[in-house]
Amino acid sequence: MKMGNLFLPTAVCVALLLGWELFVWWAKVPAFTLPAPSAVIESLAANWSSLLGSWWFTVKITLSALWLACLGGVLIAAVFALSPSTERALFPLAVVLQVTPIVAVAPLILIYVESTMAALLLCAWIVAFFPILSNTVIGLRSLDKNLLDLFRLYRATPWQRLTLLRAPSALPYFLAGVKISGGLSLIGSVTAEMVAGAAGRDTGLASRILEASFRTETPKMFAALLLLVATGVMIFLILNVLSRKLLKENS
Amino acid sequence: MRFESGLLALQTVSLGVALGEFVTLLGPSGCGKSTVLKLVAGLATPSEGTVLSPAQKDQTGRSTAFVFQEPTLLPWATVFDNVWLPLRLQGQSRLDAQSVIARVLEQVGLSEFHQSYPAQLSGGMKMRVSIARALVSKPEVLLMDEPFAALDDITRQRLNVDLLKWWYGQSMAAMFVTHNVAEAVFLSQRVLVMGARPGKVVAEVRIEQPYPRDASFRQTQAFLQHCQTLGLALDQANSVGMKPR
């Protein structure tokens with residue numbers, strides 16, 4: 001992005017924050033109703049160590065879920081692409097997993113999976129893997145028929161066909177799926193933790209938000225939220241850069 | 001040759017092409033010209049009858065090359081890597097193939113573009129890459145399925161002249177499919193005129209003009225004469241093809 005393109009969104013952001021700060025100050029809104037941005041920053045600094053630990057927990061779950069979603073999505077997509085009958089048999093299951101609200105399933109998963117961490121991971125994975133799966137399936141399918149003929153003409157082995165033709169032509173589709181799943185895995189891990197309502201030290205930002213809400217520590221809720229937003233934006237940006245780099249190298 | 005739908009695509013096509021010969025299949029769309037090429041390439045199998053072509057008994061995939069109507073390049077690979085593909089599929093490393101690829105790219109006039117990607121090239125240049133890829137494995141049979149149909153006329157005529165240069169003296173059989181009469185006359189020794197529904201060869205026209213031919217051939221009386229003869233044969237084939245069965 002060019003510097004000129006960054007100016008407008010930054011200006012809007014600053015104006016909004018400034019307006020918010022001035023409004024709270026002018027209307028004398030109490031902090032437990034709506035804390036001013038300065039109060040949020042203050043709370044962030046005051047609770048830094050506990051928030052940082054929770055942030056790291058959430059990041060761990062999110063990134064693990066995303067990584068497993070990539071792995072699982074691609075593997076299942078490859079199986080589907082190789083065997084259409086398997087796809088017919090199992091795709092409805094994948095759709096069921098995708099359309100069922102994770103908030104509704106999470107309590108069940110928490111019953112059946114003993115380790116809370118594993119349960120959270122599973123929830124986040126369920127939310128994240130579908131876009132990768134469906135995109136990669138489309139990518140593996142959308143092959144140029146003539147290129148396939150060309151590979152046949154030159155007696156390409158199945159392995160050559162996979163590595164030199166199918167994988168590279170599916171890559172842009174896969175990356176588009178990963179970009180969607182990046183945000184979804186964060187949503188999944190936070191949602192699942194909200195449902196789990198876990199307490200104690202080994203918990204994520206969702207637990208901090210719940211805790212703070214029970215104690216009406218609204219500034220701390222905003223501080224945790226701020227960290228979540230920042231994490232989501234970071235994941236989005238990193239995946240964008242990564243995908244642009246991979247696609248540039250590849251086309 | 002029947003399609004799965006039971007549609008009779010080709011009927012009693014009997015043709016032979018000698019090594020070093022340039023034969024063109026000329027006909028309206030839907031007459032099965034492309035199907036003939038696919039049969040020769042071994043990319044389709046006849047429902048009846050036999051096809052004897054190098055591709056049938058070739059295990060290495062070196063005997064036959066195919067140029068499609070679209071350039072059909074790998075969009076993620078450079079010009080060099082695209083031309084490398086046939087040799088790569090046969091296990092040749094980039095280093096081993098380098099000198100051959102460089103020679104072919106020079107032949108088609110794309111030496112400077114070996115690091116470019118297909119998206120950066122014009123339609124005519126992409127087709128040159130596609131032909132370079134076909135030539136790099138030194139095939140016995142070069143099959144071309146309306147390769148220049150999507151190009152503008154100036155580019156097409158220039159590529160026709162160049163194509164003859166690349167083919168001439170290579171002891172390579174060329175089979176070319178087109179629906180353009182002038183192109184068929186300019187390129188070929190023999191033109192097989194096809195009719196549609198079901199597809200079959202209805203006439204054979206010889207173009208008695210020695211190679212090498214260059215652009216000046218198009219200005220000769222003989223060229224116009226051939227075009228006229230061929231156009232007439234095509235019209236007849238067409239009206240036969242349109243008759244209800």
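## Domains of chain B

Chain B is divided into domain 1 (1-63 + 139-245) and domain 2 (75-137), with bounds that come from an automatic or database domain assignment. The C-alpha centres of domain 1 and domain 2 of chain B lie 25 Å apart. Twelve residues from domain 1 of chain B and nine residues from domain 2 of chain B make up the contact; two residues are in contact if their C-beta atoms, placed from the backbone, lie within 7 Å.

On the domain 1 side, helix H6 (residues 153-167) of chain B gives the largest share, three residues. That side divides into eight nonpolar, three polar and one charged. Here Ala, Val, Leu, Ile, Met, Phe, Trp, Tyr, Cys and Pro count as nonpolar, Asp, Glu, Lys and Arg as charged, and the others, Gly among them, as polar.

## Basis of the model

This is a predicted model, in which local features need pLDDT of at least 70, side-chain atom pairs count only at pLDDT 80 or more, and totals for chains, interfaces and linings use all residues. Residues are numbered from 1 along each chain as its sequence is written, while chains are lettered from A and ligands numbered from 1 in the order in which they are written.

## Fold of chain B

Chain B has eight helices and six strands, in the order β-α-α-β-α-α-α-β-α-β-α-β-β-α along the sequence. Helices (H or I, at least four residues) and strands (E, at least two) are DSSP runs, numbered from the N terminus.

Of the 245 residues of chain B, 42% count as buried, meaning that 20 or more other C-beta atoms, placed from the backbone, lie within 10 Å of the residue's own.

## Nonpolar cores

A nonpolar core is a set of buried Ala, Val, Leu, Ile, Met, Phe, Trp, Tyr and Cys residues joined through C-beta atoms within 7 Å. The largest has 73 residues, of which B:Leu26, B:Val83, B:Ala132 and B:Leu143 touch the most other members. Helix H3 (residues 79-89) of chain B supplies the largest share of this core, seven residues. The core lies between domain 1 and domain 2 of chain B, because both give residues to it.

Another core, of 38 residues, lies apart from it and includes A:Ile61, A:Phe80, A:Ile102 and A:Tyr173.

## Contact between the chains

In the contact between the chains, 14 residues of chain A meet 17 residues of chain B. On the chain A side, helix H7 (145-153) and helix H8 (158-196) each supply at least two residues, and H7(A) gives the most, with six residues. The chain A side divides into six nonpolar, four polar and four charged residues.

Conventions: Buried ≥ 20, exposed ≤ 12 C-beta atoms within 10 Å, placed from the backbone.
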